[in-house]
Amino acid sequence: MHIITSPQGEASISKQLGNTIIKKIQAKYPFNIVKERDLAKEAFPHLDGLQIGSWFTPIENHTPEQAKAIRISDEAIAEMQEADIYVFGAPFYNFAIPSTLKAYLDHIARPGITFRYKEDGTSEGYLKNKKAYIAIASSGVYSEGDFRSFDFVSPYLKFILGFLGITDITTFRVEGLRVAGLQGTALQKGLESVVID
C-alpha cells in the first residue's frame, strides 16, 4: 500500500522515491497488488468531537452523523489490516510530517482496534507481521550532521508505527535537495539507495 502525502503530484520527490520502492518491491514480489491512498487528493478530516465520540459510542447507539464519521476511519483501518507492506511518503514540512499524514494516522490509531493498553500499563499494537518503508524527502540533510536533531519525521513515524505493531521499518531518503554541492545529485543518489532485502 502506497500512502502519498505530497500535493505536488508527479513532481513530488517523496512520491518518486515511493514509486521507486514500489517498483523494486514488485520486482521481488511480482504478484503483489498495489493500492494507493493519496492524502493530497483525499485528505482525512482532523479529529473532532464527532469523530472521537463515534469511536466510543456503541454502534447501535450511533447517530447518522457518527455512523458517517466513523466509516472514514473504519475503511482506512481495513486497508491497513489487509496490506502486508506499506510505503509512506514523508516530505519534510517544517521539520515534521505533513498534517495530512498526521490526520490519517490519527484515524488509524484506534484503541481496541489497532492497539490496546494492557493491565501493566504497556501497550500492544495489532498491526503485526507487516513491513513498512518510509520515503523521506528533504531540502536539507537530516540523517547526519548538525541538523540531525531536527529530524522529527523519521523518529515520529517509527514510533507511531511501532506503537501500532509495525516494527519492521526501513527508511530511504532523498535529502540535500537545496544544499549547494548536493542538490544536483540528491535525487539520483536517493533513488539508487533503494534496496529491497
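Buried means under 20% relative accessible area. Arg37, at 8% relative accessibility, therefore counts as buried. The model is predicted, and it holds 10 salt bridges.

- The side chains of Arg37 and Glu42 form a salt bridge, with an N to O distance of 3.8 Å.
- Arg37 is buried, whereas Glu42 is partly exposed at a relative accessible area of 48%.
- A network of salt bridges links Arg37 and Glu42 with Lys35 and Glu79.

**Arg110 and Asp74**
- Arg110 and Asp74 are joined by a salt bridge in which the closest N and O atoms lie 3.1 Å apart.
- This pair links distant parts of the chain, 36 residues apart: Asp74 belongs to helix α3 (residues 64–82), and Arg110 to the loop between α4 (99–108) and β4 (115–117).
- With a relative accessible area of 5%, Arg110 is buried.
- Asp74 is partly exposed, at 35% relative accessibility.

**Lys131 and Asp168**
- A salt bridge connects Lys131 to Asp168, and its closest N and O atoms are 2.8 Å apart.
- Because Lys131 lies in strand β6 (residues 131–138) and Asp168 in strand β7 (residues 168–175), the pair ties together parts that are 37 residues apart in sequence.
- Lys131 counts as buried, at 14% relative accessibility.
- Asp168 has a relative accessible area of 41% and is partly exposed.

Notes
Residues numbered from 1 in each chain as written. Predicted model: local features only at pLDDT ≥ 70, side-chain atom pairs only at ≥ 80, totals over all residues. Heavy atoms only, no water. Salt bridge = Lys/Arg side-chain N within 4 Å of Asp/Glu carboxyl O. Buried < 20%, exposed > 50% of the residue type's maximum accessible area, 1.4 Å probe, protein only. Helix = DSSP H or I, 4+ residues; strand = E, 2+ residues; numbered from the N terminus.
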